[in-house]
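Please consult the sequence and the structure shown here while reading.

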Amino acid sequence: MYIADWDTFAEQAEALYRSDPLRVRYVLKYRHCDGKAVLKVTDDKTALQYKTDQIADVKKIEKLNLLFFTLMAQGSEADAQPVEQIEASAAQVIESTQKSQQYGQPKKGQKRRKG
């Protein structure tokens with residue numbers, strides 16, 4: 001079943017995951033030829049799907065990914081945290097990752113600076 005509204009999809013997907021974390025799967029497919037992304041969250045009984053071709057939805061998808069990663073990594077500890085706190089900690093992770101990527105490997109043909 002495709003859900004047209006993002007907020008409804010995100011709420012139902014989170015509720016489905018929290019109900020039985022060991023059985024729920026989350027899949028993101030992107031078809032470059034169509035320019036569409038399809039997200040699917042399922043526990044083999046209930047399947048939630050969201051389809052989009054909008055660039056603006058990428059940030060929303062990224063937030064949902066981080067929410068699921070946090071819930072998967074922290075397990076039952078994450079149940080006690082409100083979603084806003086999880087999103088805030090995820091935003092900090094994104095920010096630190098982006099800063100570390102700025103000082104990554106030199107481009108091809110360039111040497112590293114010493115110092």
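The model is predicted: local features need pLDDT of at least 70, side-chain atom pairs count only at pLDDT 80 or more, and totals for chains, interfaces and linings use all residues. Residues are numbered from 1 along each chain as its sequence is written, and side-chain values use heavy atoms, with hydrogens and water left out.

**Overall fold**

The protein chain contains three helices and three strands, in the order α-β-β-β-α-α from the N terminus. Helices (H or I, at least four residues) and strands (E, at least two) are DSSP runs, numbered from the N terminus. Of the 115 residues in the protein chain, 28% are buried; buried means under 20% relative accessible area, exposed over 50% and partly exposed in between, with a 1.4 Å probe and protein chains only. Among contacts with a separation of 6 or more, 50% join residues 24 or more positions apart. Contact here means heavy atoms within 4.5 Å.

**Packing of α1 and α2**

How do the axes of helix α1 and helix α2 cross? The axes of α1 (residues 6-19) and α2 (residues 57-74) come within 11 Å and cross at roughly 10°. Axes are lines fitted to C-alpha atoms, for helices over the stretch in contact, and angles run from 0 to 180 degrees between N-to-C directions. The two helices, α1 and α2, are therefore roughly parallel to each other, a term for angles under 35 degrees.

In this contact, W6, F9, A10, A13, E14, Y17 and R18 of α1 meet K60, I61, L64, L67, F68, L71 and M72 of α2. The residues of the contact divide into eleven nonpolar, no polar and three charged. Ala, Val, Leu, Ile, Met, Phe, Trp, Tyr, Cys and Pro count as nonpolar, Asp, Glu, Lys and Arg as charged, and the others, Gly among them, as polar.

Helix α2 has 18 residues and reaches 26 Å from its first C-alpha to its last, close to the 26 Å expected at 1.5 Å a residue. The expected span is 1.5 Å times one less than the number of residues. Buried residues of α2 include I61, L64, L67, F68 and L71. Just after α2, G75 takes a positive phi of about 60°.

**Nonpolar core**

The largest nonpolar core has 19 residues, and W6, F9, Y26, L39, V41, L64 and F68 have the most contacts inside it. Such a core is a set of buried Ala, Val, Leu, Ile, Met, Phe, Trp, Tyr and Cys residues joined through side-chain atoms within 4.5 Å. Two or more residues come from each of α1, β2 (36-42), β3 (47-52) and α2, with α1 giving the most, six residues. Beyond its neighbours within four places in sequence, F9 is in contact with I3, L39, V41, L48, Q49, Y50 and L64.

**Individual residues**

| Residue | Relative accessibility | Class |
|---|---|---|
| D44 | 53% | exposed |
| A47 | 30% | partly exposed |
| Q12 | 35% | partly exposed |

D44 lies in the loop between β2 and β3 and has a positive phi of about 75° although it is not a glycine. Most residues other than glycine have a negative phi.

A47 belongs to strand β3; its C-alpha atom is separated by 9.2 Å from that of A13, 34 residues apart along the chain. Q12 lies in helix α1, and the C-alpha atoms of Q12 and L48 are separated by 7.9 Å. Leaving aside neighbours within four places in sequence, Q12 is in contact with I3 and L48.

Terms used: Angles under 35 degrees count as roughly parallel, over 145 as roughly antiparallel, 65 to 115 as roughly perpendicular and the rest as oblique.
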